[in-house]
Amino acid sequence: TPRSLLCWGEQAPLDCDLVAILLDRGGELLQTADTQLRDYHGALQYLHDSQDAQDACGDQMLLCPDALPPQVARVIFAVHLYDAAARGQDWSMLADPTFTLLDRSDDRSLYCSVRTSSGAPAQGQILGELTRADNGRWCFCARSEAVPQASSKQEILRWLRQRGEMR
């Protein structure tokens, strides 16, 4: 069972919120999982929400891809800095931010580890994406794309829609 972790090197007074965006094959939004939705069909659970970066390993999710409903074809992992615009914060304030997808069975077998671009003056990042292949197997693709204005989950979704990645 994969566990996703969002970590950073130094402490900073930021509230980074990890979000999983569940889409069907046509790019239709089925659900988002974040601090507001802590459990989705038992397949995705939000385990820990770090309110600031004093906790060097902040937000954590538990994901069981094979337990996701069959209509879920893609899971996009993203992060936004909560209320970043009002607080004058951006991604460059974090040192060595890393997104890791671990195999929950031993916490060592990596599905992926993505070092995100901390130098970008963005307020969010698209971290990576799990995609269900026609044979039912899941594949991960690291992305690490900066989202300039992303003080909320809604702004991440708006950015994905503008790019034509979801409807």
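**Exercise 1.** In what order do the elements of the protein chain run from the N terminus on?

*Solution.* The model is a predicted one. Begin with the inventory: the secondary structure of the protein chain comes to 2 helices and 11 strands. Next, read from the N terminus on, which gives the order β-β-β-β-β-β-β-α-β-β-β-β-α.

**Exercise 2.** Determine which residues have the most contacts inside the largest nonpolar core, and which elements give two or more residues to this core.

*Solution.* The largest nonpolar core has 25 residues. Inside this core, the most contacts belong to Ala20, Leu22, Leu44, Leu68, Val75 and Phe77. Two or more residues come from each of strand 2 (16-23), strand 6 (57-63), strand 7 (74-81), strand 8 (98-103) and strand 10 (124-132). A second, separate core has 13 residues, including Val19, Ile76, Ile126 and Leu160.

**Exercise 3.** Describe the protein chain as a whole in terms of burial, contacts and accessible surface.

*Solution.* Of the 167 residues, 54% count as buried. Among contacts with a separation of 6 or more, 66% are between residues 24 or more positions apart. The accessible surface comes to about 7600 Å², and 45% of this surface belongs to carbon and sulfur atoms.

Technical notes:
Residues numbered from 1 in each chain as written. Predicted model: local features only at pLDDT ≥ 70, side-chain atom pairs only at ≥ 80, totals over all residues. Heavy atoms only, no water. Core = buried A, V, L, I, M, F, W, Y, C linked by side-chain atoms within 4.5 Å. Buried < 20%, exposed > 50% of the residue type's maximum accessible area, 1.4 Å probe, protein only. Helix = DSSP H or I, 4+ residues; strand = E, 2+ residues; numbered from the N terminus. Contact = heavy atoms within 4.5 Å. Areas by Shrake-Rupley, 256 points an atom, 1.4 Å probe, with all protein chains shown as cover.
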